[in-house]
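I opened my notebook to work through one structure, piece by piece. Here is what I looked up.

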10 protein chains.
Amino acid sequence: MDKQAMTDALVSAKAAKGLTWETMASDIGVSPVWLASACLGMNSSPADTAKKITDYLELGEDVAKALEAFPTKIWDQAVPTDPLIYRLYEVVGVYGETLKEVIQEKFGDGIMSAIDFSMEVDKVEDPKGDRVLLTLNGKFLPYKTW
Amino acid sequence: MDKQAMTDALVSAKAAKGLTWETMASDIGVSPVWLASACLGMNSSPADTAKKITDYLELGEDVAKALEAFPTKIWDQAVPTDPLIYRLYEVVGVYGETLKEVIQEKFGDGIMSAIDFSMEVDKVEDPKGDRVLLTLNGKFLPYKTW
Amino acid sequence: MDKQAMTDALVSAKAAKGLTWETMASDIGVSPVWLASACLGMNSSPADTAKKITDYLELGEDVAKALEAFPTKIWDQAVPTDPLIYRLYEVVGVYGETLKEVIQEKFGDGIMSAIDFSMEVDKVEDPKGDRVLLTLNGKFLPYKTW
Amino acid sequence: MDKQAMTDALVSAKAAKGLTWETMASDIGVSPVWLASACLGMNSSPADTAKKITDYLELGEDVAKALEAFPTKIWDQAVPTDPLIYRLYEVVGVYGETLKEVIQEKFGDGIMSAIDFSMEVDKVEDPKGDRVLLTLNGKFLPYKTW
Amino acid sequence: MDKQAMTDALVSAKAAKGLTWETMASDIGVSPVWLASACLGMNSSPADTAKKITDYLELGEDVAKALEAFPTKIWDQAVPTDPLIYRLYEVVGVYGETLKEVIQEKFGDGIMSAIDFSMEVDKVEDPKGDRVLLTLNGKFLPYKTW
Amino acid sequence: MDKQAMTDALVSAKAAKGLTWETMASDIGVSPVWLASACLGMNSSPADTAKKITDYLELGEDVAKALEAFPTKIWDQAVPTDPLIYRLYEVVGVYGETLKEVIQEKFGDGIMSAIDFSMEVDKVEDPKGDRVLLTLNGKFLPYKTW
Amino acid sequence: MDKQAMTDALVSAKAAKGLTWETMASDIGVSPVWLASACLGMNSSPADTAKKITDYLELGEDVAKALEAFPTKIWDQAVPTDPLIYRLYEVVGVYGETLKEVIQEKFGDGIMSAIDFSMEVDKVEDPKGDRVLLTLNGKFLPYKTW
Amino acid sequence: MDKQAMTDALVSAKAAKGLTWETMASDIGVSPVWLASACLGMNSSPADTAKKITDYLELGEDVAKALEAFPTKIWDQAVPTDPLIYRLYEVVGVYGETLKEVIQEKFGDGIMSAIDFSMEVDKVEDPKGDRVLLTLNGKFLPYKTW
Amino acid sequence: MDKQAMTDALVSAKAAKGLTWETMASDIGVSPVWLASACLGMNSSPADTAKKITDYLELGEDVAKALEAFPTKIWDQAVPTDPLIYRLYEVVGVYGETLKEVIQEKFGDGIMSAIDFSMEVDKVEDPKGDRVLLTLNGKFLPYKTW
Amino acid sequence: MDKQAMTDALVSAKAAKGLTWETMASDIGVSPVWLASACLGMNSSPADTAKKITDYLELGEDVAKALEAFPTKIWDQAVPTDPLIYRLYEVVGVYGETLKEVIQEKFGDGIMSAIDFSMEVDKVEDPKGDRVLLTLNGKFLPYKTW
């Protein structure tokens, strides 16, 4: 079973049970962002978590195996078109150099890892319009001299 | 005075005085990310803040006027090459659809604004290696039916 | 049922009944542009409107559910080739900076939202050749200082 | 004098006199959008209007001649990055096929001209946030059979 | 029946009857270039002409309906590779600015329409090698001031 | 003297004398399209014609030498943006396959040369709007079997 | 039968009979390069040669008809990735301007035709490593003045 | 002295002396194609040959040193536009897979080197039009198993 | 059997037997990197090795034949997106010119062959985090003068 | 002093003293690859090493400061053209998926860091042609579950 078939099975089972990523993640004991990324095929799952996810959704071992597989991370659009995703791309374009200035001032020459990395989404209620709070947490990796 | 000359003047004065964005921002009363973005020419500054910035760095009124000007936000690389900026682009590529799933589950059909938006950078000390904490805060904008 | 199958079902039913977007929209109580965009899969529909659309066209609940689904908005051609669509792209290319000048002079630094947004098409009869009147109506979003 | 030097001269004179496109256009008797596009070098001006513009700004005949010259309309970014201009590009991407459906239903097979064309920007005040009203008016051109 | 299936049906019937575009066009009373473009799906046909074409080739009403449908004109290669088509692209690249100079000198600021447009192909016999004569005939559209 | 400096010299002299390509071409005994293309640097001129052109415009031998030089034909925009040139590109996109069908039906497998090639621009007056007549004349080159 | 199915039939029959392009070409009386290009669908074959090829491989008349069809020459990769083909592309990149200098010095302003053209591949045995000898033979086409 | 300045010096001196690449190459004892490529900055020259070239053209030691420098081979156009160079690119596109078939049939799995490589240009006089003969000679490099 | 079907067969058999590339390569007597590249279809295998591989995995002669076939090496993403592969691309971007400096200083003007080439992957255990050791070994090919 | 001016100063001083990266690196106590990358502006130098480099080359403090500055790593060519650099790019294209298979089999799901990374170049003498040995050494970073 490849990642695409796995995602179809997981998303259908989730919809049939009327579940949200939030509820599933809380019951299984992981973060909703990580759970969604694993189910969409962009991260691999440890064996025990894969078993918990498929047991929870009453799916078979082939789906669990597919969750454990190491994905090849491919995206088709160098510049995304969906407005929600484009706005994130725009933030990187507008604030990329700014973040480089501010992060390297604080940490020295290096980068924020996208591998030793986690991310959360929160909702901040506001009478003038609710706000999305996105938190990225990545290990700082200093450049090496040799 | 165009934005490029303005940035040169601001960055030189900041370096000559041995200042950081952090110190400057704290003394002027704004966020370091916003301050850096305005000085790099990617945001316009209200007139009073522009005056504070230029007074602080002992620069002239032409620099203040340039800070107030509304910038045309242009970036040359559709896919950035600098590793610090690329990692952020990679996060958008790897987690874009995941964020769409999780945000729209929480808020309904719509997007996180990149205009009614702010961002902070924090340092979390950690014996296994310090971590970069990046917080994005954007108003949720629901799609409209008409 | 995915958006593509939904569009096929809606467009076939509309053609079989000899309807126009104009008539349908007027009977259902929405705008023709919004109605067409929802049926082509580029906007989601509120549940009650989705029910009205599918009842009107005598289609099933699966089509209604597909109309309610939040679409991922993707277009394949960064530069469109169809002449009708290209002319709109050309208008953005030729008049983009001009509109930035005129809008920001009137409203300050910010943008016209494409999310809190509506659009109408009208026909102006003219002996020298009828004219297309396209009206875009978007909320102004000012940039934020923080 | 080429178009770039012409634009620099016109924009500097306008700024020095503290004028807006709106005021200038109203005093000269043209539309602000057309006036800005001609001064930014994206449209040519009839000789008498060019004279009015340069007299109004107290600029010389070389600027008037440059306003009359037929421009080569070039834009560098196939996909614009400035958020105000990108949102217009996004509207073309999201609603391009929808507009094709609705316009051709009303007019038959053909296009809206971008040459026999005019455009206006209006401000609609609204307590929930002012709105930008953009009106495009183009002649319908039917395809020809031969 | 979509345009692709329509083209397959028309081209097969034409080949089975051993016809040329030239003969068909002459018998039906249209131009061979227009006829080929309609049969290849790049132009829509008036209802009566569509009926003539399908009667001539002994094809059904579904093909006629497909001929009447308004096509979305899409081409995949921004730079064509087939040598016959590339040479035309090369002519636009080499002579584009030249044609702008010569046409606008004769007609003023404006363009040659590609919508109110027709084209013919002729063969000029020549002992040193026959020549292709391509004639493009498009309405001049002057830019508008407003 | 390179081609760019040559073009500047030729175009300035032509403007100073108030000449058109049409008049110059007629007086010198060449076609206006060829003359413009040589003066814009996209074709080389035989030595005697180069002398006629520079004598006519009272320019020096360095300009004549530059006219004789074999140009490297480069254009920057794979997809042109100027509307007059884009419409020609659009004709190649919309009618490319059609022309391949019609030309190869008439001539066999091969192409229309863009080297052994000439082109003319004519004006057809018409009360409903004047028309541009563009005539391309290229030698047919059959593919070779070996 | 389209070109792809034709190529599959020809290549399978050739492999089943254990033939090389070299042997086939020599027996049929054409060049191996031309033969391979026709069988891969990049050139059309005269009717008698098509019959010889299909008789030789014991294939039917539908394959012969497909060999006679005029191909649309399309390649997908603007920059090829296969190392053998890339090296040829690299030669064009590294030596393109050099060849322009040397060819035009010898022949005047013009090009080497890729239509009135043939090509051979030879093997030169060499104790230090055999060498590939590639010979391109194209008619010189001078630019035309008109 | 960088390669660009070196090329300007060499080409000017060559033109001033009315020399051809052919004559120069013959007198110096190298191939005209190699000589032109070294003088255009796309190959480095051994020290003794560099001295011969600069002595021959009466140029200084700085030019010789620049000829010896190892060039970074860069070309700007992934798809060349100049017709002479494009035709070579077209040959790679049309015949790339054919050459792969024919070369690998003769030599086994591997490539023709573009480094251990030479090239010649010859003129074949022909009453029907002279022909360009281009000979590429590259070492065959077999793929390695390890 | 084409390369894609071959890879599917090989990878399934390997998974069913619970093998690693390392074990297989050691048992067959080749390098794991070469073995994986041949099984993924990016290198051809000598006949005897192909037999060993298919005997080892109990697969048929059609798979062996497919392993022997000379592959056309194609990759779809000019800039890879998978993070593991992108980091290698980044190394080429960041260190490309540096490697050119250091290699050519050591060897003279020339390149490292990617054809007469091998590569190994090793694991270096380290308490601060294990390290990947990648060794590339390619023949130096000097540029040729002719 | 920006990185470009710094590189010019360092490379000129190195050439004037007839030094190699190898000698310099050995005397200063760093690796030649790292030294070259820092001097070419693609890595920052610790302050003490920057002082050693500039003292060694008898350059001023401004060059040392520029060596310490954190570079923005930009490369212009998504696909490099210089043959030495292209071969490395080709290795990534041909062996990218293979390396992913072999590395992740050995280490689990994760990547080789390009930040906590070093690289060496060695020469292996060989009578059949010397060989370049390139060693990449990067920390393995496992993906994180959260």
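The entries below go from helices to strands, then to whole chains.

**Entry: a note before starting**

I remind myself that this is a predicted model.

**Entry: two helices in chain G**

I started with helix α2 of chain G, residues 21-28. I asked at what angle α2 packs against helix α3 of chain G, residues 32-39. The angle is about 105°, and the axes are 8 Å apart. An angle of 65 to 115 degrees counts as roughly perpendicular. That makes α2(G) roughly perpendicular to α3(G).

Next I looked up who makes the contact. From α2(G) I noted W21(G), E22(G), M24(G) and A25(G). From α3(G) I noted P32(G), L35(G), A36(G) and C39(G).

**Entry: a sheet from chains G and H**

I then followed the strands. Four of them form an open sheet, in the order β1(G)-β2(G)-β2(H)-β1(H). The pairing is antiparallel. Which strands stand at the edges? They are β1 (110-124) of chain G and β1 (110-124) of chain H. Each has a single partner strand, so one side of each is left without a neighbour in the sheet.

I zoomed in on chain H. There β1(H) pairs with strand β2, residues 131-142, over 11 bridges. The sense is antiparallel. I picked one position: G110(H) stands opposite P142(H) in β2(H).

**Entry: a hairpin in chain J**

I moved to chain J. Strand β1 (residues 110-124) and strand β2 (residues 131-142) of chain J run antiparallel and are joined by 11 bridges. I looked for the partner of F117(J) in β2(J) and found G138(J). How many residues lie between β1(J) and β2(J) in the hairpin? I counted six. In the turn, G129(J) has a positive phi of about 125°.

**Entry: a salt bridge between chains**

I looked up the salt bridges next. The structure holds 70 of them over all chains. R87(D) lies in helix α6 (residues 83-107) of chain D, and E90(A) lies in helix α6 (residues 83-107) of chain A, so the pair joins two chains.

**Entry: chain A and its copies**

I compared chain A with chain J. A rotation of 180° with 0.0 Å of shift along its axis superposes them, with an RMSD of 0.0 Å. The two copies are thus related as by a two-fold rotation axis. Which residue of chain A comes closest to the rotation axis? It is S113(A), with its C-alpha at 4.7 Å. I also checked the contact residues of chain A, and 100% of them recur in chain J.

Then I laid chain B on chain A. This takes a turn of 180° and a shift of 0.0 Å along the axis, with an RMSD of 0.0 Å. In chain B, T135(B) has the C-alpha nearest the axis, 2.3 Å from it. Of the interface residues of chain B, 100% are also interface residues in chain A, so the copies meet through the same surface.

Last, I looked at chain C. Chain C and chain I do not touch, and their nearest C-alpha atoms are 17 Å apart. Chain C and chain J do not touch either, with nearest C-alpha atoms 19 Å apart.

How values were computed:
Residues are numbered from 1 along each chain as its sequence is written. Chains are lettered from A and ligands numbered from 1 in the order in which they are written. This is a predicted model: local features need pLDDT of at least 70, side-chain atom pairs count only at pLDDT 80 or more; totals for chains, interfaces and linings use all residues. Side-chain values use heavy atoms; hydrogens and water are left out. Axes are lines fitted to C-alpha atoms, for helices over the stretch in contact, and angles run from 0 to 180 degrees between N-to-C directions. Helices (H or I, at least four residues) and strands (E, at least two) are DSSP runs, numbered from the N terminus. Angles under 35 degrees count as roughly parallel, over 145 as roughly antiparallel, 65 to 115 as roughly perpendicular and the rest as oblique. Contact means heavy atoms within 4.5 Å. Two strands pair if DSSP finds at least two bridges between them. Copies are superposed by least squares on the C-alpha atoms of residues with pLDDT of at least 70 in both. A salt bridge is a side-chain nitrogen of Lys or Arg within 4 Å of a carboxyl oxygen of Asp or Glu.
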